[in-house]
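Colleague: Hi! Could you walk me through this one while I have it open?
Modeller: Happy to, let's bring it up.

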Amino acid sequence: MCGFVGAVGRRTLEPDWQEALTKANNSLSHRGPDGGRVERIHDPDGLLGHRRLSVIDLSIAAFQPMYDPVTGSALLFNGEIYSFPLLRKRLIDRGESFLTDGDSEVLLRSLRVFGLEGTLRDIDAMYSFAFVDRPNHRVVLARDRFGEKPLYWRRRNGVLTFASELRALRLLPGFDSSPNHEAAIELLRFETINPPRTIHPETWQLRPGTALLFPIEGDEPGPPTEVVHWDAAEEAATAARAPFDGSEDEAVTQLDAVLGASVNRRTISDVPLGAFLSGGIDSSLTVALLQRFSTEPVKTFTIGFSGPLDESPNARSIAAHLGTDHVELRLEPREALGVVEQFADLFDEPFTDSSAIPTYLVAGLARKKVTVALSGDGGDEFGGGYVRYRADRRIGRIPPATRRNAATLLQRIPARVLDKTLPRVAFGPLRGLHHRPGDRVHRFASLLGADADERYQSLRSLWPAAALIDGDRARFPVGSATGSSVHDRMLHDTSFYLPNDILTKVDRAAMAQSLETRVPMLEPATFRFMWSLPDDIRIGSNGKRVQKLLLERYIPRPLWDRPKMGFGIPLAEWLRHDLRPLGEDLLSEATAERWGFIRPEFLRAAWLEHQQGTKNNQHLLWAALVLHQWCERWAT
């Protein structure tokens, strides 16, 4: 696991580029604390920088940039190729010999022997890489199927620059640090910025499952051609054309084999390895399978908070049942609150998912014991686990007129009144959307009057367009790909929410602690198998049926069968108390006017509603807070 930055361009890059790229490379030292290099290449002219977190083959011979001995092509690689032993054997059978025992050299040789598309089609991996392909006179940038590893780029004044994080690009000559207004509005509406757009103008991020080919035209890179090497909707359609026709029990056994093989491949490491354990279904299943393949107790890690969102007792019970070497850290609110002050530095694009705070803290806990940690992400997108899928399906069964009338009535009742009159537990479409009854009812009411696509927009959106300046420009991609509303939502989340929220959170939070994370669910064979299953086996009535049945083979149901909670923090209360001074500053009308994303009167109204308890506007306010915090830190 690493970070890299490079510049390829005119025949001779100006002298200030060497110093600037060295600083940019050092800015990625959290991604690669074990050493780094910056080297100049020629034909084409360029500078390549790399920082290394040593995981497989710890020798200096495995450092990068790495050069092909036959062609002189150069590689910068960030990630892990879990199937590299098999690929290495195929290459040896073709007459290749190796100087290292790691996966980077295997990738470098494979790109020459099997070509770009032949290599990317077959590997089980997470990655981003830059490849200066001398025989074909081009620069190749590529990103993995699901978007586990980031890659940003910019082409200006005859120079192509690229890096693992935006912070490195910002340090290179001629970078425009102003905020991209449309990207900021998209963030406020839908909580994520969708590639290829980034928070900066004229700076782009690769889409998951794509490669960009930049021809070297004369002395500089030309405009790129995009190659799609993997597409979730196409893969799901292919899997559905060959449906699983066995029994439910056979499906559970097959998932055990497929997912177990993925977990086992992700144990390859020359450094200590462990796993996150939240106590939820997917992390528990990942740890159970990991423990099955381990001859020693697996190291597991969890964070505990005081309050109703604390899942640490469940994680503790599951760890005890599986016999893991469990480490738990109990945190006081002030320790988590301290992360808020660092948020703009942890995420060098504004990032609105507050669960990044406990993710960062549990990654720091894990890094004291291990260098690699497995996580259970991806299970909700593949198994239909999110509450919004069930809410969308159930709401659609109610007649439209009934929905509109009920929505109007419910929205007129203040949230604080509902809190006093309703029990803490709500069922059906309300369950799990929010923790306070009033919040759940108001969220439910906001969905009632909409059609299917509007409901999806509502489920994903935060600020109403009327609250934003030019807010109507922001649209989250919707539309039918499969003819099934639930399937479409799952595929959209796989293509957008998973890479741009979940995987971004895990990558940035963990790499800020110099911890590599691996996600067994995000493996091609596992994806294809899950999408070959009929819905009554894969999803069932409450989501993730096949995963739950498999987990029950390893852990008794009472230890994990409970409502989905998520990796949450008491954000609503923090904004009313501990974070109130910061909020008064970053959510002020003056700040809103300075940056021009949100109409000041709407922002102030949302802030007052939250403080008075008439509405829970935590998600709106947090998104505005982190965007303004980021602007104050990074933007010009």
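**Loops, sheet and spaces**

Modeller: Proline 44 sits in the loop between S2 and strand S3 (45–52). Keep in mind that this is a predicted model.

Colleague: Thanks. What is the peptide bond from aspartate 43 to proline 44 like, cis or trans?

Modeller: That bond is cis, with omega near 5 degrees. The bond from glutamine 64 to proline 65 is cis too, again with omega near 5 degrees.

Colleague: And where is proline 65?

Modeller: Proline 65 is in the loop between S3 and strand S4 (66–67).

Colleague: OK, on to the sheet. What is the strand order in the open sheet of six strands?

Modeller: The order is S2-S3-S1-S9-S8-S10, and the pairing is antiparallel. Strand S2 (36–41) and strand S10 (204–205) are at the edges with a single partner strand each, so one side of each has no neighbour in the sheet.

Colleague: How many bridges join strand S8 to strand S9?

Modeller: Five bridges hold S8 (residues 152–156) to S9 (residues 159–163), and the two run antiparallel. Within that pair, tyrosine 152 is opposite alanine 163 in S9.

Colleague: Switching to cavities: how many are there of 30 Å³ or more?

Modeller: There are five of that volume. The largest has a volume of about 180 Å³, and 17 residues line it.

Colleague: What about the second largest cavity, what is its volume?

Modeller: About 130 Å³. The second largest cavity is lined by 18 residues, and Met1, Arg52, Ile56, Asp103 and Ser104 lie nearest its centre. Strand S5 (74–81) and helix H3 (103–113) are the elements that give two or more residues to this lining, with S5 providing the largest share, four residues. The classes there are seven nonpolar, seven polar and four charged.

Colleague: Now something open: what can you say about the second largest pocket?

Modeller: Its volume is about 450 Å³. The lining of the second largest pocket counts 23 residues, of which Pro208, Asp231, Ala232, Ser495 and Phe496 lie nearest the centre. H19 turns up again here, giving the largest share of the lining with eight residues, and helix H7 (232–240) supplies at least two. Eleven of the lining residues are nonpolar, eight polar and four charged.

Colleague: Is serine 514 buried or exposed?

Modeller: Buried, because its relative accessibility is 11%, under the 20% cut-off. Glutamate 202 is at 47%, so it counts as partly exposed.

Colleague: Last one: what end-to-end span should helix H27 have?

Modeller: At 1.5 Å a residue, the 17 residues of H27 (residues 618–634) should span 24 Å, and the end C-alpha atoms are 24 Å apart, which agrees. H27 is also mostly covered, with 14 of its 17 residues buried.

Conventions:
Residues numbered from 1 in each chain as written. Predicted model: local features only at pLDDT ≥ 70, side-chain atom pairs only at ≥ 80, totals over all residues. Heavy atoms only, no water. 1 Å grid on protein atoms, 1.4 Å probe; cavity = no way out; pocket = protein on both sides within 12 Å on 5 of 7 lines; lining within 4 Å. Points joined across faces, edges and corners; volume = space filled by probe spheres on them. Nonpolar A, V, L, I, M, F, W, Y, C, P; charged D, E, K, R; others polar. Expected span 1.5 Å × (residues − 1). Buried < 20%, exposed > 50% of the residue type's maximum accessible area, 1.4 Å probe, protein only. Pairing = 2+ DSSP bridges.
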